[in-house]
Amino acid sequence: MLATPIPAPSARKAALSDAALAALNEGKPENARISLVRVHAFGPAMTIAEYRLGNGLTVLVSKDDSAPVVSYHTWFNVGSRHEKPGKTGLAHLFEHLMFNEVEGRPAGTFDRLLEEAGAETNAATWVDWTFYHENIPRDRIGLVVQLEAERMGKLVLRDPQVTSEKEVVANERRYRVDDDVEGAVNELLYKQAFTRHAYGWPTIGWMEDIQGFTTEDCAAFYKTFYSPNNATIVVVGDVKERELLAKIQAAYGHLEPATLPIEDVHPEPPQTEERRTTITKPTPTAKITLGYRGPAFGDADHVPLTMLAEILFSGRSSRAYRSLVQEKEIATEVRGWVSTFRDPGLFEMYATARPGRTPAELLAALEEEIERVVREPVSEEELAKVKAKVELSLLQSLETANGKAEQIGFYATVLGDPAGAFARLDAYRRTTVSDVLRAARRYLLPTQRTIIEVLPEAAMAAGTQA
Amino acid sequence: MSASRIPMSSSPHLTPSRPTLLVESSPALPLVHLTVAFRNGAASDPLDKDGLARITARMLRRGAGGMTSAEIEERIDALGASLSAEVSSSVVSLHADVISRSLDAFIDLLAKIVGEPTFDEVELGRLLREAEGELIESRDNDRSLAVRHFRRHLFEGHAYGRRLGGQIPSLRGIVRDDVVRAYNRIFTRGNAVIAFSGDITDVRAQELADRIVAGLPDRPAEPTIIPEPTMKPGRRLVVVDKPERTQTQILIGTLGSHPKDEDHFPLQVATTVLGGTFTSRLMREVRSKRGWSYGAYARLPYEQRRDAFSMWTFPAATDAAACIALKLELLHDWRQKGITARELAFVKKFMVRSHAFEIDTADKRVQLRLDSELLDLPEGHHERYVEHVKAVQLEAANEAIRHRISEDDLLVTVVGTHAQIGDAVAKAIPRLDEVIVVPFDAE
């Protein structure tokens, strides 16, 4: 049994009482016994109660009665970082397979039952995690608990479904990468920037790997990673907590925890010189993407570097937009983002050229802005502005039960802090101009960047600007 | 939460008229959503000025009330706000989100943007060049190429076939006087409908709405009136030819229906059976059984008039012809045999219960009301959605398919590499009347 810190009295009311938990646990086997880990304040008005079952399953509950709906997320601590060369894309393919047959329920039943109940359902996979979600009217929450528990423990994998789903994923890859210039360029950026770490291969996988998977590969992956002690359930919405936890105990309590493998990820060696690649693509205009080696999401430097990314790239008042799109008129679009990965990722920058403009012109203009933020501090006004912008973004993301559940699940899975979204907002608010300058000087180093330049194929290029 | 509709003033000659105001209050978050919409859209642009309404809407924030474009952008961001413009054939609207504490200051700014734009010549030139670059850049997006050419040919000669963002020649023909004329046409108090949602009361919303429109001319509504579209007879294939495509984008469709049609709900229910859920006929046959396409959907949108009914898939180039043949077969079966009682019961449950997610935030609720107001939808269209769906009978659904959806007048649009797929795709369409091949960079 895990240690249970005693929450503050006011927070304790946001979770079931000891007596209620004792009643739930009466006569239950060890794996099904539920305990309160702690209660997290989630912003000024919300709370998250964190529970854990005896089998290691984490359950996060945030009650929200603003609409008669519930969002139910299941986050697994597995993503493409857990794959091996030659088997890339397995985490993502597996996400697709989770919508197929379980013992006693033929393929198609999962979606059919949920749709009949009025649910929206989907899933996503990335480098560090995979999650599944259902948004459902509150009176059907029992169905979701039952179906999610069934596919965590009783998925059936057969050759015909695996073969068909491989074809679907191959088509998804064509859509997102092979026939999409930006997708292809982003894939190449990470391939060039990460020579050893698993972030170097795409979450969707290389095409030859997708086509080579066997049913046995999928079964082994399921057995290894899809266990209760590798999962976090997030429930946000209009729920009765006692009834919900009783349902979760009944549905998941029989599942055995797995012995999780030791994570065999290789740290990326330091980058000591710029890496640059030029490619041609069937596209009307040139593009450029840059990736500076950045900090992990949990690193204290991630916060000021994110603020810097906002100052440079967020919105029409940002420095890069104003310079490249408005003043120099050499780009149609410019974006930047610091990857939110568990291990150190990239500070990505991307710009699309106006017709007839070159990657060299885009790079020179971006470097002008980069050198400026390395050379001199940003202004207090700019920093205050992006603090307001990130606050707005957080509020927008919390409007629906699903939005709240996604924030909670993401921060719980990547940082181990379900309420991390608000902790991060506080960190943004505390950021100083000095912090931003320090981050700029630490990370925006030409020797630690990877550049992909995209030239349009001659027959495709749009003419020079009128 | 609470909702209200505050009508226009009954004394327009004595006091300035007030815009229609819709409010959905919810104190859940310190956030306010705001839409300022005008019942006049791109369909009212001169025929050789495609893109004018959109350019005009985009110009509002590029200098107003003594502020430069850069000062306005700085101010929006510093207030913790976002602002965007949206243009359809019949409506131009501005959407904003703002942190509650900045609402008052943001309204002052918005009143300047809406009521005192400067339409600076230099800024206009800059925006027109930017918009031209965006048009060229959009050639990268195969899905958007498919949609554009599908609409262009389905609604040939009609407002719905025009490109809202304009074309390079039309953008090059826009001058400041055009923008000023479009502004005067669109942005009047009579045309305005304002919607607030979130952390705001009715009283506050009314006060802020009055401030937003204070600088607008007090003229009665002059809404864009769009004629009902008709469809060119016959079966046509449009291939948008683009090099090196490993995949295709395929849209098959014909004219759809409108909420004013008595059989709109029956057709909507039947369309959901065909391609509106993950277990729909299209998804099951194209994706689940064959793995041909990541997605397979049927849609029945509407605007002020009937829009297009369409089926969308995106298979590999090698599967394109077979996928088209399958879709035509599914369309034929759907039309000839109809949907089954079991399918109807299932989809009605899905549509009724999932409606909770159409109304689970104050902003979603107010947007539905705004939709009713701007598109002049039948009374209770959204409010009684659940009743409408529950009332659909099997025979009505199947009759709606047969009555509204033509298999003879059909447009197939494919984005792909013509040399690779052209012949096979044409052979997959029986009774084909016309094949049109369009270079991907034709626009």
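Two strands are taken to pair if DSSP finds at least two bridges between them. Helices (H or I, at least four residues) and strands (E, at least two) are DSSP runs, numbered from the N terminus. The structure is a predicted model, in which local features need pLDDT of at least 70 and side-chain atom pairs count only at pLDDT 80 or more, while totals for chains, interfaces and linings use all residues. Residues are numbered from 1 along each chain as its sequence is written, and chains are lettered from A and ligands numbered from 1 in the order in which they are written.

In chain A, five strands form an open sheet of mixed pairing, in the order E8-E12-E9-E11-E10. Its edges are strand E8 (275-281) and strand E10 (331-338) of chain A, each of which pairs on one side only. Averaged over the sheet, neighbouring strands are turned by 10° against each other, direction ignored; the axes are lines fitted to C-alpha atoms, for helices over the stretch in contact, and angles run from 0 to 180 degrees between N-to-C directions. Seven bridges join E10(A) to strand E11 (residues 346-353) of chain A in the antiparallel sense, and A:Val334 has A:Ala351 of E11(A) as its bridge partner.

Helix H7 (residues 181-193) of chain A packs on this sheet and touches E8, strand E9 (287-293), E11 and strand E12 (449-456) of chain A, contact being defined by C-beta atoms, placed from the backbone, that lie within 7 Å. The direction of H7(A) makes about 150° with that of E12(A). Helix H12(A) lies across E10 and E11 of chain A and runs at about 160° to E10(A).

Chain A is divided into domain 1 (9-252) and domain 2 (275-456), with bounds that come from an automatic or database domain assignment. The centres of the two domains, taken over C-alpha atoms, are separated by 29 Å. Domain 1 of chain A contributes 36 residues to their contact and domain 2 of chain A contributes 28 residues. On the side of domain 1 that touches domain 2, H7(A) provides the largest share, eight residues. By class, this side of domain 1 of chain A has 20 nonpolar, 13 polar and three charged residues. Here Ala, Val, Leu, Ile, Met, Phe, Trp, Tyr, Cys and Pro count as nonpolar, Asp, Glu, Lys and Arg as charged, and the others, Gly among them, as polar.

A:Phe225 lies in helix H9 (residues 215-225) of chain A. This residue counts as buried because it has 21 C-beta neighbours inside 10 Å; the term buried applies at 20 or more other C-beta atoms within 10 Å, exposed at 12 or fewer, and partly exposed in between, with C-beta atoms placed from the backbone. Leaving aside residues up to four places away in sequence, A:Phe225 touches A:Phe76, A:Val78, A:His82 and A:Asn230.

The contact between the chains takes 54 residues from chain A and 54 residues from chain B. H6(A) gives the most to the side of chain A that touches chain B, with nine residues. That side of chain A divides into 20 nonpolar, 15 polar and 19 charged residues.

Chain B has 16 helices and twelve strands. Buried residues make up 56% of its 443 residues, and the C-alpha atoms of chain B fill a box of roughly 65 × 50 × 35 Å along the principal axes.

Definitions and conventions. Contact = placed C-beta atoms within 7 Å.
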